[in-house]
Amino acid sequence: MKKKLLLISLALLLAISLVAVGCPAPEEVVPPPPPPPTDEEEPPPPPPLPEKDKIVIGAARPLSGPLAAIGDFALGPILTMWEEDVNARGGIYVEEYGKSLDVELLIYDDTSDMGTMTTLLEKLILEDEVDFIMPPCSTAFLYAAASIADKYEYIFMGAEGGCTTLTAMLPDLPYTFGVLNYSDYYQIPALADLFVEWGVETVAYIYISDLHGIEYAHTAESEFLKRGIRVVMSE
């Protein structure tokens, strides 16, 4: 009996030894080294948005003076109609605020004076801090206002006046967009084509001595000469 128990004990011991030999010891898990210390701090959270209940759109426009006649039948009434229409529909939805905001036009009278216009445009941006600006009236005024808008990174769209002179400058004025036909696009070339169709051989024209008139006069002379039409007077 003792011999039998001894054999059983030896068999169990052998089995345990085989199991121990057949199962390798678990590998030691080495934790990754901690990240090196850095002096960079996490960026602070963005500041909270200021309270806002409307979108203010500013403009320096000719409410008086010689250019008022242009503004009165061109962009002027369109702006007013647009403001009324947008607000009647509940305003413009602004995702950052999670609600719709009414539009308010803030328009100063530049009295058809370019110096007054540029001063008022900067006042709208720096003092009134309007959200957007609308353009002044006439080619020369657009030319003067474009660099101001770009300086303060305000989107600037053209209105009454093409300002062909700005075309070459647009790569350096990323905030400026021309939206009307220029003198050398459709208008004067189309007129010159009509003159050819009608058999016109000579032309004479008088122009206003500002940037608008100068651009159109030079384009007219070039387009007429291309078609064999002689300019007998240009002043």
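Biologist: Is Asp 193 buried, partly exposed or exposed?

Modeller: This is a predicted model, in which local features need pLDDT of at least 70, side-chain atom pairs count only at pLDDT 80 or more, and totals for chains, interfaces and linings use all residues. Residues are numbered from 1 along each chain as its sequence is written, and side-chain values use heavy atoms, with hydrogens and water left out. Buried means under 20% relative accessible area, exposed over 50% and partly exposed in between, with a 1.4 Å probe and protein chains only. Because its relative accessibility is 42%, Asp 193 counts as partly exposed.

Biologist: Which residue meets Asp 193 in a salt bridge at 2.7 Å, N to O?

Modeller: A salt bridge here is a side-chain nitrogen of Lys or Arg within 4 Å of a carboxyl oxygen of Asp or Glu. The partner, at 2.7 Å from N to O, is Arg 227.

Biologist: How many residues apart in sequence are the parts that this pair ties together?

Modeller: Asp 193 lies in helix H6 (residues 183–198), whereas Arg 227 is in the loop between H7 and strand E8 (230–234). Helices (H or I, at least four residues) and strands (E, at least two) are DSSP runs, numbered from the N terminus. The separation is therefore 34 residues.

Biologist: Which residues are linked with Asp 193 in a network of salt bridges?

Modeller: Arg 227 also meets the side chain of Glu 223 in a salt bridge (2.7 Å, N to O), and Glu 223 is buried at a relative accessible area of 10%. The residues linked with Asp 193 in the network are Glu 223, Lys 226 and Arg 227.
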